[in-house]
Amino acid sequence: MVFMSCGGGDKKNVTEPDPPRAASISVSPASVSMSYVGQVVGVSAAVLDQFQRTFNATVSWSIDDPSIATVSAIGLVTAVADGVTAVRATSGSLSASVPVTVQRVATRVSIVSGDRQTGQVGEVLAEPLVVRAEDLGGSPMPGASVTFTSGVGGSVSVAETTADEQALASTMWTLGTTSGPQLLAAAITGSTVASVQFQATALAGPVAAMAKASGDQQVVPVGFPVFEPITIQVTDEYGNGVSGASVAFAVTDGGGSVTPAEGTTG
């Protein structure tokens, strides 16, 4: 016969595992820089537990100075005005922040007035050309340097100037001496953003000269009309054709007649 007994043995102490808990919070990127009002940059927060593993936790956002920038509930930072502040992420007792810098940069201009004027070649247009200096978001930028560049043959009274308190800059445009469409560019000095263009129509000046265009030296029988019409060109002092000029034709030697005796240049 065999007898068996079951012994209790010694129980060893068992340590329960440490449950995960939020231990740290960080914000990325490490800093935020914005160059125009209305610019939006996203930031994100990471909460880790004591084992450096991602911990699912609720994060709230705030901004130290809302007059410089604002932040949404999902971490979208929006520039409001020049300055330095900080965006802050909070989860429970944990908090972390990164600096936010808003430094607006003038990058473009928009036309205020003076576009699409009509004037005489070689003369100053009646109205000044006015532009507004702006950042990339369209907000005014007083103090920005603005450059005006005339097309071939034209000139400006001020090639480079500083925008005033309303962010406005202006110049006077003297048209070139070639009649027809003319262009002038305005841009923030040194900006890589495309400039704006003013357009103007240059009209020919007063009649200064006439020249034979065609119909000279024809040979026809006596009493017959010439085969080609007698044509002349009327020009201003720069050689531009003048339209609307009244021209009279008259026979000066040898007899004959002309029909019609007057014409208007096209």
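Arginine 132 counts as partly exposed, at 26% relative accessibility; in this talk buried means under 20% relative accessible area, exposed means over 50%, and partly exposed is in between, with a 1.4 Å probe and protein chains only. Its side chain meets that of glutamate 134 in a salt bridge, 3.1 Å from N to O, and glutamate 134 is buried, with a relative accessible area of 7%. By salt bridge I mean a side-chain nitrogen of Lys or Arg within 4 Å of a carboxyl oxygen of Asp or Glu.

Before going on, the basis: this is a predicted model, where local features need pLDDT of at least 70 and side-chain atom pairs count only at pLDDT 80 or more, while totals for chains, interfaces and linings use all residues. Residues are numbered from 1 along each chain as its sequence is written, and side-chain values use heavy atoms, with hydrogens and water left out.

A search of the whole structure gives 8 salt bridges. One of the others joins arginine 88 and aspartate 64, at 3.2 Å from N to O. Arginine 88 sits in strand β8 (residues 83-91) and aspartate 64 in the loop between β5 (60-63) and β6 (69-71), so this pair ties together parts that are 24 residues apart in sequence. Strands here are DSSP runs of E with at least two residues, and helices runs of H or I with at least four, numbered from the N terminus. Both partners are partly exposed, arginine 88 at 26% and aspartate 64 at 44%.

Arginine 53 also forms a salt bridge, with aspartate 49, and their closest N and O atoms are 3.4 Å apart. Here arginine 53 is partly exposed at 44%, whereas aspartate 49 is buried at 3%. Asp82, Arg104 and Asp135 are linked in a network of salt bridges.

Now the strands. An open sheet of 3 strands has the order β10-β12-β16, with antiparallel pairing; two strands pair if DSSP finds at least two bridges between them. The edge strands, each pairing on one side only, are β10 (106-113) and β16 (168-171). Strand β10 is joined to β12 (residues 129-135) by 6 bridges, and serine 113 has valine 130 in β12 as its bridge partner.

Elsewhere, β20 pairs with β21 (residues 231-235) in the antiparallel sense over 5 bridges. Is β20 (residues 209-214) buried or in the open? Of its 6 residues, the number buried is 0, so β20 lies largely in the open.

Next, backbone geometry. The peptide bond between serine 28 and proline 29 is cis, with omega about 0°, and proline 29 is in the loop between β1 (22-28) and β2 (32-34). Threonine 259 to proline 260 is cis too, with omega near -5°; proline 260 is found in the loop between β22 (246-248) and β23 (262-264).

Glutamine 52 lies in the loop between β4 (44-49) and β5 and is exposed, at 55%. Alanine 167 lies in the loop between β15 (160-162) and β16 and is buried, at 0%.
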